[in-house]
Amino acid sequence: MPPPRKPAGVVFPTNEKGDRSTTDAQKKIWAATFNAIDSPVAADVQKEKKFRYAYDKYVIKHVRESLVSPMNATEAAKAGLDALHNSFEFIRDDQTMTLAEAMKQYKGSFETGFVKGEGKRPEKFEFEVPYKGKTLRKDALIKQLNKWRDYGTIEPSAADAIAQVANNPGWTDLSDQYFVLLGAGSAMGPLLVLLALGANVIAVDLNRPNIWKRLIGLARESCGTMTFPLRKKESEINGDDDLFANAGCDLIQEVPEINNWLQTVYPEKDLIIGCYVYLDGEAHVRVVLACDAIMKGMCESRKSAIAFLCTPTDCHVIPEEARKAAQKNYSSMGLKNLVLMPIKLIGGKKYLVKNVQPTQKSQDGKTYSYVDGLVVAQGPNYALAKRMQHWRSIVAREQGCVVSTNVAPSTATASVVHNKQFAWAYDGMPYFRPLEIFQQETSNAVMAALLIHDIRNKNSISQPNRKLSNPLELFSENSFHGGIWRCGYTVGSIGEVSVLVHFVKVLKFFFILVPLLVVVAAVYFAMF
């Protein structure tokens, strides 16, 4: 058995025992956010014995206390980010330092590669959304947006934002825009849509030839452009195989050099930097933190715009109308709810939990609603990584940067439905009004539309000149949540029931098919 790989790049810090405990590190990060606002919850989280299964209550308390005042939200966000950058470590060549120190110490960079698309540029760019085998444009797209809005699958603000993109062809010619995609090849990223609309993409992804063969191939087929890091001068590249072998970088291990390189790319242009990375478990925290270090540097030096895809399975501030809709769906005496009544009675606080949380009042008397979309099974690593993106959004907007950070729907990507339990749950979830699970191409398109809206519309909530009562309101508009905000039950309490719904559907088909086969067999044997 080969020896374990030595830790390298961005790593969790060591605790008092010398272990790289993810739980100890995370408890300290969350405690730092509470300490920054003089909250006694800081001590509670440090003492928590079952953090792995109780972390969700601290995420909710963090949101509630952040809503007490704008200062609370901002100071807690800054404290969380500071704790991450100054406690997580960076290891290279047997040298260990904090990530913050590493970003200052290493001065290396990359060469630059460039590909201009060979695809035909259309006379005008028309925004389109693939959906259930059809391509929706203009009136057909508006009609579907209204259906989603009226059913409760998306927020009205999201429908309006995407409609504005569909009705403004000038917005969708992206040849004047420069997008940095961290995790360019991600299934949920906007790469294909941006290239199709003629955008200039600065692609950052792993230095693996198969990845770059695909990415560069997509760029060549498009009417856009792609710029990317190279390990040797472009003039020294000998053919495509050499190009693919020398393209790319490792975000976790080469984050200082990536940041240094991006600082020099198109210095005269305004860049939009999007984070679309995903890794399993604790590696997700590390790669998101690496991206955050880059965004921090670019926001501070170039006032770059930043972009994220928020997960619907989180704690978000929501409109009061969404809270009322969840209450209505929970209280409905329709047939579907009546069928679920025995599970509600037996399940107690585990299954089919009411999706209506207590409101939170601020110091100035404003009342906020929020949704508990957390799914404990996703784990504290995922929750911290997504909250880190919220914190960066809050801080960057305060610094005067444009911040596009919209909630994306649950999506049946290949990596998700490869897990049979997730596939079964996704199949059963639409039983619960107004949930819908989307295919990847639909999610890519609608989320790209919201990104375009945030950049083009100077009145969008993404724009720092638009005043907010609390920074957390940034996440309350343009949400394409797939119904999670307005469902009668919390998404964390319907997983097992959704699997049950899936098997009821399967067995229903089975009970229809078997008698039919018996009849066919009887007829066959009667004839012969």
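In helix H13, the residues Ala-322, Ala-325, Ala-326 and Asn-329 are buried (buried means under 20% relative accessible area, exposed over 50%, partly exposed in between, with a 1.4 Å probe and protein chains only). They cover an arc of only 100 degrees around the axis, which puts them on the same side of H13. That arc is taken from the directions that run from the helix axis to the C-beta atoms. On the other side of H13, Lys-324 and Lys-328 are exposed.

This is a predicted model, in which local features need pLDDT of at least 70 and side-chain atom pairs count only at pLDDT 80 or more, while totals for chains, interfaces and linings use all residues. Residues are numbered from 1 along each chain as its sequence is written, and side-chain values use heavy atoms, with hydrogens and water left out.

H13 spans residues 320–331, 12 residues in total. From first C-alpha to last it reaches 17 Å, close to the 16 Å expected at 1.5 Å a residue (the expected span is 1.5 Å times one less than the number of residues). Its buried residues pack against strand E12 (315–318) and helix H14 (335–347). Contact here means heavy atoms within 4.5 Å.

Follow E12 into its sheet. The sheet is open and has 3 strands, in the order E12-E14-E13, with antiparallel pairing. E12 and strand E13 (360–361) stand at the edges, each with a single partner strand, so one side of each is left without a neighbour in the sheet. E12 pairs with strand E14 (residues 367–372) in the antiparallel sense over 4 bridges (two strands pair if DSSP finds at least two bridges between them). His-316 stands opposite Val-371 in E14.

Now turn to strand E15 (residues 403–407). Here 5 of the 5 residues are buried, so E15 is largely enclosed by the rest of the structure. Val-403, Thr-405 and Val-407 point one way from the strand. Ser-404 and Asn-406 point the other way. The partner is strand E11 (residues 305–310), which pairs with E15 in the parallel sense over 5 bridges. Cys-310 stands opposite Val-407 in E15.

Two loops come next. Glu-268 sits in the loop between helix H11 (251–264) and strand E10 (271–275). Its relative accessibility is 56%, so Glu-268 counts as exposed. Lys-49 is 219 residues away from Glu-268 along the chain, and their C-alpha atoms are separated by 52 Å.

Tyr-278 lies in the loop between E10 and helix H12 (282–302). Gly-183 is 95 residues from Tyr-278 along the chain, yet their C-alpha atoms are separated by 7.9 Å. Not counting residues up to four places away in sequence, Tyr-278 touches His-284 and Tyr-382.

Finally, the whole chain. It has 19 helices and 15 strands (helices, H or I of at least four residues, and strands, E of at least two, are DSSP runs numbered from the N terminus). The radius of gyration of the protein chain is 24 Å, close to the 24 Å that the globule rule gives for 528 residues, so the chain is as compact as a globular protein of that length. This radius is taken over C-alpha atoms, and the rule is 2.2 Å times the number of residues to the power 0.38. Of the 528 residues, 55% count as buried. Among contacts with a separation of 6 or more, 76% join residues 24 or more positions apart.
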